[in-house]
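This briefing walks through selected local features of one protein chain. Keep the sequence and the 3D view open while reading.

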Amino acid sequence: DGSFNRYDASLSLADKTDGKYYILSIPLFAEDETDRAYWYASRTYVRQLLNYNECHVALIGVGWVGENCSLVQDGFITEKVMGQLAKKGAVADVLGWILDCDGQPLNHPINDTITSFRPEILKARPVIGVAGGERKHAAIHAALRGGWLSGLITDQRTAEYLLQHNKEG
């Protein structure tokens, strides 16, 4: 809905570094694939896509999927949908894309309605994840395994977890 949430540090970072900050002011999830096509054709989306194609690096968050996660707290999905996603093996969301433990988009209708940049567009630029904390360990690991991130800004415990789990496969 265009409002900022408690996880949005990008505006503050842009202010401190004289960088630019762009908001994709469209719903995170469309009602169906036809509605998503409408949003993808909108001037807002096309303008932001042009901005993205010109950027040097993107900073994004990585969300965890589970009971009381931000997608539920912020009203994007219901607890019922969250339960369905968890049963199918969802562990992460990257710009709304619901991912399994290998960082692959989950085979679920919700990914047919996401309106953020498609994976191939997102991955065409360096993307730095900004995420940490124990509850996000599996989500960050999945995002890295799936090639969604080229780098990561995180805390020490999360870095240690990732290094240990990278050694394990």
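Setting aside neighbours within four places in sequence, N111 is in contact with R36, G96, W97, I98, P105 and L106. The model is predicted. N111 sits in the loop between β4 and α6. The points below start there, then move on by topic.

- N111 has a relative accessible area of 6%, so N111 is buried.
- A polar atom of the N111 side chain lies 3.0 Å from the backbone nitrogen of I98.
- I98 is also among the residues that N111 touches.
- P105 belongs to the loop between β4 and α6 (119–122).
- P105 counts as partly exposed because its relative accessibility is 35%.
- Beyond four places in sequence, P105 touches I98, L99, N111 and W148.
- P105 and V94 are 11 residues apart in sequence, and their C-alpha atoms are 9.6 Å apart in space.

**Helix α7**

- Helix α7 spans residues 137–145, and its buried residues are H137, A139, I140, H141, A142 and A143.
- The cover over these buried residues includes β2 (63–64), β3 (92–94), β4 (97–99), β6 (151–153) and α8.
- A143 is located in helix α7.
- A143 has 0% relative accessibility and therefore counts as buried.
- Not counting residues up to four places away in sequence, A143 touches V62, V94, L99, W148 and L149.
- A143 and G63 are 80 residues apart along the chain, with their C-alpha atoms separated by 9.5 Å.
- W148 is in contact with A143, and W148 is in contact with P105.
- L99 likewise touches A143, and L99 touches P105.

- H137 is part of helix α7.
- H137 counts as buried because its relative accessibility is 11%, and buried means under 20%.
- The side chains of H137 and T158 are joined by a polar contact of 3.2 Å.
- Helix α8 covers residues 156–167, 12 residues in total.
- From first C-alpha to last, α8 reaches 17 Å, close to the 16 Å expected at 1.5 Å a residue.
- At the start of α8, a side-chain oxygen of D155 comes to within 3.2 Å of the backbone nitrogen of R157.

**Helices α2 and α3**

- Two packed helices are described by the angle between their axes and the distance between the axes.
- Helix α2 takes in residues 33–41, and helix α3 takes in residues 43–54.
- Their axes come within 4 Å and cross at roughly 55°.
- That angle makes α2 oblique to α3.
- W39, Y40 and A41 of α2 meet R43, Y45 and V46 of α3.
- The residues of this contact divide into 5 nonpolar, no polar and 1 charged.

- Most residues other than glycine have a negative phi.
- Which phi does N68 take? N68 has a phi near 65°, a positive value in a residue other than glycine.
- N68 lies in the loop between β2 and α4 (70–73).
- N68 has a relative accessible area of 43%, so N68 is partly exposed.
- L95 is not a glycine, yet L95 has a positive phi of about 50°.
- L95 belongs to the loop between β3 and β4.
- L95 is partly exposed because its relative accessible area is 29%.

**G66 in the loop between β2 and α4**

- G66 is placed in the loop between β2 and α4, where N68 is also found.
- Is G66 buried or exposed? G66 has a relative accessible area of 11%, so G66 is buried.
- G66 and E79 are 13 residues apart in sequence, and 9.0 Å apart in space from C-alpha to C-alpha.

Key: Residues numbered from 1 in each chain as written. Predicted model: local features only at pLDDT ≥ 70, side-chain atom pairs only at ≥ 80, totals over all residues. Heavy atoms only, no water. Helix = DSSP H or I, 4+ residues; strand = E, 2+ residues; numbered from the N terminus. Expected span 1.5 Å × (residues − 1). Polar contact = N/O pair within 3.5 Å; in protein donor to acceptor, adjacent residues only side chain to side chain. Buried < 20%, exposed > 50% of the residue type's maximum accessible area, 1.4 Å probe, protein only. Contact = heavy atoms within 4.5 Å. Axes fitted to C-alpha atoms, helices over the stretch in contact; angles between N-to-C directions. Parallel < 35°, antiparallel > 145°, perpendicular 65-115°, else oblique. Nonpolar A, V, L, I, M, F, W, Y, C, P; charged D, E, K, R; others polar.
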